[in-house]
Amino acid sequence: MGKKVLVVDDDPDVRLFNVTVLEEHGYTPLVATNGEEGRNLAKQEKPDLVILDVLMPRESGIRLYRELKTDKNLKHIPIIMLSGIAEKSFLRSQKVLAEFGDATVPEPEAYLEKPVEAEELAATIKKIIG
Amino acid sequence: MNRILLVDDEPDILRVLGISLRADGYAVLTASSGEEALSIFARETPELVITDIKMPGMNGIEVLREVKNISDETEVIIITGHGDIDSAIEALHYGASDFINKPVRDKQLTIALKRAQDKIHIKQQLREYTTTLEHKVEAATREIRRRSNFQGKLIRSSNDGIVATDEELRIVIYNPGAERIFGYPQQGVIHRMQIQELYTPEIVDLFVAGVTQEKGLKEFPWQETSIVSGNGENIPVRFSGSILHENDRKMGSVAFFQDLREIKRLEHELLKAERLAAVGQTVAGLAHGLKNILHGLKGGSYLVDLGLKKDDTAKLKSGWDMIKRNIGRTSELVLDLLTYSKEREPEFEDCFPNEIAADVADLLAEKAQESRVEIKKSLDPAISQVSMDPRIIHNALLNLMTNAIDACLFDEDTGQKWQVAIVTTLEDDNNIRFDVSDNGAGMSQEVRERLFTSFFSTKGHRGTGLGLMVTRKLVEEHGGRIDVISAPGKGTTFTIHLPFEAAGEKKTKSSV
């Protein structure tokens, strides 16, 4: 049984791709299709890593990211952001939120912009959780 | 002081009268014959002549006639013999101002002179008055001419088309501005045309009613309309007019026309420019959607490679499906972009709008079923075959119904029995109304405001933000409009009103 990696993405193609890459490299994928599902699964399963999309309908990845990073039981879980949004746009959004009095949260362990190569994704995961 | 020419063949009388007149302060010239009198008169033109009637050679009457002939202004007093009434009357007939009888008495002379002087004075005043009057009339005429000239120039140089008529609605003023708009040369219009030959029937009706009916409108405020020019071109104009009155009498009518061709062209250009700018913004905003598609294609290729390497048909198939799905998304995106950036005239043709609505509902039946959404149709049987652009109806309904199904998917109330309804209604003889409603997620005011305006989507990886922009553009090109009502948690209704022509009337409707 490999390490548990939670994939949160509304795009079924991305989920399938991520899951396949994870399985190919011996990890155990967990799948959530939106932020709410992702939060519940993270609490239940205490995954070793979360791969999170930024833009999702209903509940955005930004909100889930900030929740995970400020939850004392979950904030140690490393997060890879995987998004069509450029990294600097994401970082700027975090800065703006902090300036508006929200908590300052650490940067994600890795930020990958779509499209991403399978090898790059696998290498990034390996670097973080082995 | 008046000068008097005294004429008498008797030197004594000349002397005595001369002394008497000089004593009264006159300058006196004397002549002892008619001939001499005329030569002095010609030289000196005195204001008064006193002449004896009976003289050898030229007599007093002849002197009178000659003097009057030379200068009508000169007063002539005739001295007649006692009881010579006939001569006196003849003298008066020829314009003598007075006559006195011989022997000349001072008192009589004074009275005659006073009368003559009064006459001279009155004549002088009259002359001065007439001269002044002539000057004034001349000045007034000049002023009127100047003003009319000014007004004429004003009318001629006005950029607006100005057309005025008499009370019979015959055209009397038609300026170069009007010439530019209507296209008929001035000489063929002024005094030659009635407004019926120049204006469209709607404008003609206004003026005819204004002139003939007591209660007809007398002022027509600015309004946008169009006229048909001499070469048959439809020209958009702003128009205003009024019926002209003087006191209670109708004088005619005047109408002003502003050529809107340039403005319309600019508006059109602006619209195009705005749309291109929106496409630019869109492309920037599209980056996210494009990256998702690329990611899908790469992911698909990865799965296909994996499937080939491991001889795993399941992986191969899911990879291939992923590629196909993302190719589909690419083509939708590209088509939307093309539709949005390109101008297209609607192509009217005979079609059955209800059938198109039913087709779209069928097309989406599978997707709806997968999403546990029920599609309801309510199609107005009063709608039969009409002339519209079926592609626009199809595109618009397909987009709105897809959105409606998506709205149900985004609804958090999973216990809900979701429905999407398509309703068609024959609004009147020219318009069909299409309602697409759902009882899904609904929209906040913020989302509603941004709906059509920018590159905006709430659909995460699936939204390009182009769909409603394209739909609105198509609807507007068809001369229709699109409205939306929505409440968060309750659902959304999009309404499209589209005009139609009677079936069989193939026509291309202008987009402006």
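Author: Helices (H or I, at least four residues) and strands (E, at least two) are DSSP runs, numbered from the N terminus. Residues count from 1 along each chain as its sequence is written, with chains lettered from A and ligands numbered from 1 in the order in which they are written. The model is predicted: local features need pLDDT of at least 70, side-chain atom pairs count only at pLDDT 80 or more, and totals for chains, interfaces and linings use all residues.

Reader: Which elements of chain A have the lowest and the highest mean pLDDT?

Author: pLDDT is the predictor's confidence in each residue, from 0 to 100. Chain A has a mean of 88, and 96% of its residues reach 70 or more. Among its elements, the lowest mean, 79, belongs to helix α4 (residues 87-99), and the highest, 95, to strand β1 (residues 4-8) of chain A.

Reader: How many of the residues of chain B, in percent, count as buried?

Author: Chain B holds 15 helices and 18 strands. Buried means 20 or more other C-beta atoms within 10 Å of a residue's own; 12 or fewer is exposed, in between is partly exposed, and C-beta atoms are placed from the backbone. Of the 512 residues of chain B, the buried share is 31%.

Reader: What part of the contacts in chain B with a separation of 6 or more comes from residues 24 or more positions apart?

Author: Two residues are in contact if their C-beta atoms, placed from the backbone, lie within 7 Å. For chain B contacts with a separation of 6 or more, the share from residues 24 or more positions apart is 59%.

Reader: Which element supplies the largest share of the side of chain B that touches chain A?

Author: Across this interface, 21 residues of chain B are in contact with 20 residues of chain A. On the chain B side, α9 (261-310) and α10 (313-341) each supply at least two residues. The largest share is 11 residues, and it comes from α9(B).

Reader: How many nonpolar, polar and charged residues does that side of chain B have?

Author: Ala, Val, Leu, Ile, Met, Phe, Trp, Tyr, Cys and Pro count as nonpolar, Asp, Glu, Lys and Arg as charged, and the others, Gly among them, as polar. By these classes, the side of chain B that touches chain A has 6 nonpolar, 10 polar and 5 charged residues.

Reader: At what angle do the axes of α13 and α15 of chain B cross?

Author: Axes are lines fitted to C-alpha atoms, for helices over the stretch in contact, and angles run from 0 to 180 degrees between N-to-C directions. The axes of α13 (residues 390-409) and α15 (residues 467-477) of chain B come within 9 Å, and they cross at roughly 150°.

Reader: Where is B:D311, and is it buried or exposed?

Author: B:D311 has a positive phi of about 55°, although it is not a glycine. The residue sits in the loop between α9 and α10 of chain B. With 8 other C-beta atoms within 10 Å, B:D311 is exposed.

Reader: In which loop is B:H191 found?

Author: Phi of B:H191 is near 65°, positive in a residue other than glycine. B:H191 has 10 C-beta neighbours inside 10 Å, so it counts as exposed. Its loop in chain B runs between α6 (176-182) and α7 (195-198).

Reader: What is omega for the cis peptide bond from B:K102 to B:P103?

Author: B:P103 lies in the loop between β5 (98-101) and α5 (106-157) of chain B. The bond from B:K102 to B:P103 is cis, with omega near -10°.
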